Amino acid sequence: MIPVSKPYIGEEEKKAVLEVLDSGMLVQGPRVAALEAEFARVHQVKHAVATSSGTTALHVALLAHGIGAGDEVITVAFTFIATVNCILYAGARPVFIDVEPDTFNIDASQIEAAITPRTKAILLVHLYGQPADMTAIMAIAEKHGLAVIEDACQAVAATHQGKAVGSFGTGMFSLYATKNVMTGEGGMLTTNDDALADSARLLRAHGMRRRYYHEMLGYNYRLSDLHAAIGIEQMKRLAGFTAARQANAAYLNAHLTSVITPVTRPGNGHVWHQYTVRLPGRDRDAAVKQLADNGVGTGVFYPVPAHQQDYLHEVAAGVSLPVTEQLSKEVFSLPVHPALTQAELEKIVFEVNRL
Ligand SMILES: *Cc1c(COP(=O)(O)O)cnc(C)c1O
């Protein structure tokens, strides 16, 4: 089976972890700081703050922006559930809007109609590795005085008009095992705002600047040096990983004929966390099964959008998102990861074109 994702773990990653074990400095050592510095450099920001996961980075981002009870956050339902859960952790209310059918990203033309006096932030997702329309979103946010939080968990080093994701507003990234660069579990928050970075560092570690003096209610959301050591090696591979994903996506775009292939907006540097196609008017689940039976792994991201999850029925009462609902029935993702061989790409094309 050609897997839909495959973490790359080389000898350097293994050696780096053993070095940390030998050093005895397992937490708050030099690796976390080094990974933060590299992440900040790649994303053209002043500060990167490492956390234990993408989810905890987002929770910290919302709290650092002062978002809490009574506030509304405009977001999408076509995402991994963490995007929405973090709004609920902060005590705020998610206000869902629809996505664009061709890029799968937030439909910026629907944002203004969703703004109320309670709106504090726009929380967008750079889904599958393609930046959302940051030009339009930043203009709307500025006009209405809203914070912008970028869920860039799938979009490490992606760019919009030459500018890195995570550098427009407050960014957050995941370093989970299947993401484009990974530490097993891990996350990162990015910002150019000194005060916000300071709050994020306090929130991450029990509100503690001076040992055992606590300035605020904080959490233990720290990343360990064992994880950071893996991340440092992965960041050295990032440019190569991204180029391989882009070449694989270009091959699939050029050769697939039986499905609707993904659209990249001009000006976007897409990093292809997922290569996601649509099969309208057909039984998606039967197609996915046929591919699996023939050795091609796929993923469905996401079969049930957030507003249709049972446990959110009160939060999402009366919400209707026609494009999101349609996409959740039609999409599936094909392997695009850097380890694919030419023979595997050809097999994927052959199997998909005879669906
Ligand atoms: C992976 C992911 C997250 C959560 O990241 P974790 O590191 O698993 O907590 C959030 N949002 C999106 C869009 C993701 O893909």
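Helices (H or I, at least four residues) and strands (E, at least two) are taken here as DSSP runs, numbered from the N terminus. With that convention, Y302 falls in the loop between α9 and α10. The structure is a predicted model, in which local features need pLDDT of at least 70 and side-chain atom pairs count only at pLDDT 80 or more, while totals for chains, interfaces and linings use all residues. Residues are numbered from 1 along each chain as its sequence is written, and side-chain values use heavy atoms, with hydrogens and water left out.

At the level of the whole chain, the protein is divided into domain 1 (11-232) and domain 2 (238-352), with bounds that come from an automatic or database domain assignment. The C-alpha centres of domain 1 and domain 2 lie 24 Å apart. Contact between them, meaning heavy atoms within 4.5 Å, takes 38 residues from domain 1 and 36 residues from domain 2.

The ligand comes next. Around it there are 15 residues, of which G54, T55, D151, S174 and K179 come nearest; a residue is counted as near when one of its heavy atoms lies within 4 Å of the molecule. Several polar contacts can be picked out, a polar contact being a pair of N or O atoms within 3.5 Å; within protein, one atom must be able to donate a hydrogen and the other to accept it, and residues adjacent in sequence count only if both atoms are side-chain atoms. A polar backbone atom of G54 is 2.8 Å from a ligand oxygen atom. The side chain of Q154 places a polar atom 2.8 Å from an oxygen atom of the ligand, and for K179 an N or O atom of the side chain is 3.1 Å from a ligand oxygen atom. The ligand taken alone exposes 380 Å², and the protein buries 92% of that; these areas come from the Shrake-Rupley method with a 1.4 Å probe, and for residues only the protein chains shown count as cover.

R284, A287, V288 and L291 are the buried residues of α9. Viewed down the axis of α9, these buried residues fall within an arc of 100 degrees, so they line one face of the helix; the arc is that of the directions from the helix axis to the C-beta atoms. D285, K289 and D293 are exposed on the other side of α9. The cover over the buried residues of α9 includes α10 (322-330), β12 (331-334) and α11 (342-353). At the start of α9, a side-chain oxygen of D283 comes to within 3.1 Å of the backbone nitrogen of D285, and just after the helix G295 has a positive phi of about 90 degrees. In α10, the buried residues are T324, E325, L327, S328 and E330, and their cover includes β11 (275-278), α9 and β12.

Some backbone geometries deserve a second look. Most residues other than glycine have a negative phi, and most peptide bonds are trans. The peptide bond that joins F301 and Y302 is cis, with omega about 15 degrees. Y128, in the loop between β4 (119-125) and α6 (134-144), has a positive phi near 65 degrees and counts as buried at 2% relative accessibility. Q161, which is not a glycine, has a positive phi of about 50 degrees. Q161 sits in the loop between β6 (159-160) and β7 (163-164) and is exposed, with a relative accessible area of 55%.

Three further residues round out the picture. S53 belongs to the loop between β1 (47-51) and α3 (54-64) and is buried at 13% relative accessibility. Beyond residues up to four places away in sequence, S53 touches E185, G186 and G187. E72, in strand β2 (residues 72-76), is buried at 7% relative accessibility. Leaving aside neighbours within four places in sequence, the contacts of E72 are R93, V95, T116, R118, T119, K120 and A121. T178 lies in the loop between β8 (170-174) and β9 (187-191) and, at 30% relative accessibility, counts as partly exposed. With neighbours within four places in sequence set aside, T178 is in contact with S5 and H273.

Note on methods. Buried means under 20% relative accessible area, exposed over 50%, partly exposed in between (1.4 Å probe, protein chains only).
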